[in-house]
Amino acid sequence: MKVVILAGGLGTRISEESHLKPKPMIEIGEKPILWHIMKIYSHFGFNEFIICLGYKQHVVKEFFADYFLHMSDVTFDLEKNDMIVHNNTSERWKVTLVDTGYSTMTGGRVRRVRNYIGDEPFMLTYGDGVSTVDIPALLKFHEKHGKIATITTVNVEQRFGVIDIESDGTISSFREKAKEDGTVINGGFMVMNPGIFDYLDGDNTVLEKEPLERLAQDGQLMAYHHHGFWKCMDTQRDKKFLEELLEAGKAPWKTWDD
């Protein structure tokens, strides 16, 4: 099954770095977060990727074109114009990089890669979030219910303490926040059947708006709730948090050996 990754947006909320590169190419532990996401899928045996590009797409293309340079030791023989790759570090990945337009919306980007997906179910996620989602379990859930789309839902923790208030205004408790207090959102890590393309009209289609709303109205959208680790890298604060986990050897999403 192919994995489609949305990696074409501007990343305006982390503009300290995204003015130089697409947000999915911002590094966590000297590797782009896009690479981390692909390693998550690869751990479960999903090795064919279609990456939807837009803003500064050349940065992503150059990364994969020079993958050995990024991942291996190399010797350059300038006299012979030759390059020798040592300790060859490669992945079992097939990566298709598609220019889906500079300002195309998320649904429009998915629509533009239809020919690369074919008439088959596919995985879909965002290029800025890592998680411990059990992808085989997610896929089994999707196949069992038979609907067009499954999204992985997660609880986003709120930052402040919680006040529990009774209907008459009495404060019953003043306590620290709990994970369950947060809002349930779409955390990516989706599975789609080909029927999704009937809900995608053009480049201005925002996947998270009309398509998912219509799917819900039609009874064709299901939620797989993930209770484990999930983090989206929206800001420099998020990036710092993920880097600290990785440096401390406590990154839950890292299931591979260096």
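Me: Which residues have the most contacts inside the largest nonpolar core?
Reply: This is a predicted model, where local features need pLDDT of at least 70, side-chain atom pairs count only at pLDDT 80 or more, and totals for chains, interfaces and linings use all residues. Residues are numbered from 1 along each chain as its sequence is written, and side-chain values use heavy atoms, leaving out hydrogens and water. A nonpolar core is a set of buried Ala, Val, Leu, Ile, Met, Phe, Trp, Tyr and Cys residues joined through side-chain atoms within 4.5 Å; buried means under 20% relative accessible area, exposed over 50%, partly exposed in between (1.4 Å probe, protein chains only). The largest such core has 41 residues, and those with the most contacts inside it are Tyr 41, Phe 64 and Trp 253.

Me: Which element gives the most to this core?
Reply: Helices (H or I, at least four residues) and strands (E, at least two) are DSSP runs, numbered from the N terminus. Elements that each supply at least two residues include β1 (3-6), β4 (48-53) and α9 (236-247). With seven residues, the top contributor is α2.

Me: Is Phe 189 buried or exposed?
Reply: Phe 189 sits in the loop between β13 (183-186) and β14 (190-192). Its phi is positive, about 45°, although Phe 189 is not a glycine. Its relative accessible area is 1%, so Phe 189 is buried.

Me: Is Asn 81 buried or exposed?
Reply: Asn 81 lies in the loop between β5 (73-77) and β6 (82-86). Asn 81 is not a glycine, yet has a positive phi of about 55°. Its relative accessibility is 72%, so Asn 81 counts as exposed.
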